[in-house]
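Subject: Structure handover

Hello,

Please find the structure below. My notes on what was found in it follow.

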Amino acid sequence: MGVSRAGWVLAALAASMLVSACGDDSGGDPPIPAPPTTAYTGPTTTSAAPRSTTTVVPTTSPVAAQVADYAGDQTGTYYFTSPSTKFECAIITAATPVAGCHGAFPADVPRVGPLGTGGTPLAPNAVRVTSDRAGEFVHLGDPAFHRFDGPARALPYGSTLKIQGFTCSVDERTGVTCERPDHGFTVSDSAFRLW
């Protein structure tokens, strides 16, 4: 005697239900598989910058600062600080034009004699450049580059202050630079360069 096709189907269904019931201790229905998901393949961003072995050169020119924003009360005086406030600087266009700074100089700056004397070398308290002399460290009796008539404004990173042949700027890595076309200085609290 043969088993009918309907009998086989019923037997297979009964076996399937028995296996499902035995394999799930929770007593509920067997889990339903999750539908397949679709991944977004558009552009993505990350919070960390990718590593690069090349140096990126800025393609934009430095922004010129508004000269009037840095003017002191006395004619021909222009004051600024570095954004970190480690340096107070000025461009003074009086009888002897000069640009210079007071600040936190590196420990290895050269000692200098007090200005106008041949005395014992001292730690410098200023760096400056004049229209006819290279950048130099000096020890001044008074803080010539500090603004006494009010707070000096910070010169933003990437901006330049250009006054009567002097150009001063502040870079976050290298510090303050004041220069003429062929001589000047760059100084930070960890390094310096005079030319």
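The lining of the second largest pocket takes at least two residues each from β9 (166-171) and β10 (175-179). Strands here are DSSP runs of E with at least two residues, helices are runs of H or I with at least four residues, and both are numbered from the N terminus. This is a predicted model, so local features need pLDDT of at least 70 and side-chain atom pairs count only at pLDDT 80 or more, while totals for chains, interfaces and linings use all residues. Residues are numbered from 1 along each chain as its sequence is written, and side-chain values use heavy atoms, with hydrogens and water left out.

The pocket has a volume of about 160 Å³. Of its 14 lining residues, S84, D171, E172, G175 and S188 are the closest to the centre. By class, the lining comes to four nonpolar, five polar and five charged residues. Nonpolar covers Ala, Val, Leu, Ile, Met, Phe, Trp, Tyr, Cys and Pro; charged covers Asp, Glu, Lys and Arg; the others, Gly among them, are polar. A pocket is an open set of points on a 1 Å grid over the protein atoms alone, where a 1.4 Å probe fits and protein lies on both sides within 12 Å along at least five of seven lines; lining residues have an atom within 4 Å of a point. Grid points are joined across faces, edges and corners, and the volume is the space filled by probe spheres set on the points.

β9 and β10 run antiparallel and are joined by five bridges, with S169 opposite T177 in β10. Both strands belong to an open sheet of six strands, ordered β1-β8-β9-β10-β11-β12, with mixed pairing (two strands pair if DSSP finds at least two bridges between them). Its edges are β1 (63-64) and β12 (192-194); each has a single partner strand, so one side of each has no neighbour in the sheet.

S159 is in strand β8 (residues 159-163) of that sheet. S159 is buried because its relative accessibility is 9%, where buried means under 20% relative accessible area, exposed over 50% and partly exposed in between (1.4 Å probe, protein chains only). Apart from neighbours within four places in sequence, S159 is in contact (heavy atoms within 4.5 Å) with V63, C168, S169 and V170.

Another open sheet of six strands has the order β6-β5-β4-β3-β2-β7, again with mixed pairing. The edge strands there are β6 (136-138) and β7 (153-154), each pairing on one side only. β2 and β7 pair in the parallel sense over two bridges, and R153 in β7 is the bridge partner of F80.

Two loop residues have backbone angles to check. Most residues other than glycine have a negative phi. T85, in the loop between β2 (77-81) and β3 (87-92), has a positive phi near 65°; T85 counts as exposed because its relative accessibility is 61%. Q164, in the loop between β8 and β9, also has a positive phi, near 45°.

Of the 195 residues, 30% count as buried. Among contacts with a separation of 6 or more, 51% join residues 24 or more positions apart.

Regards
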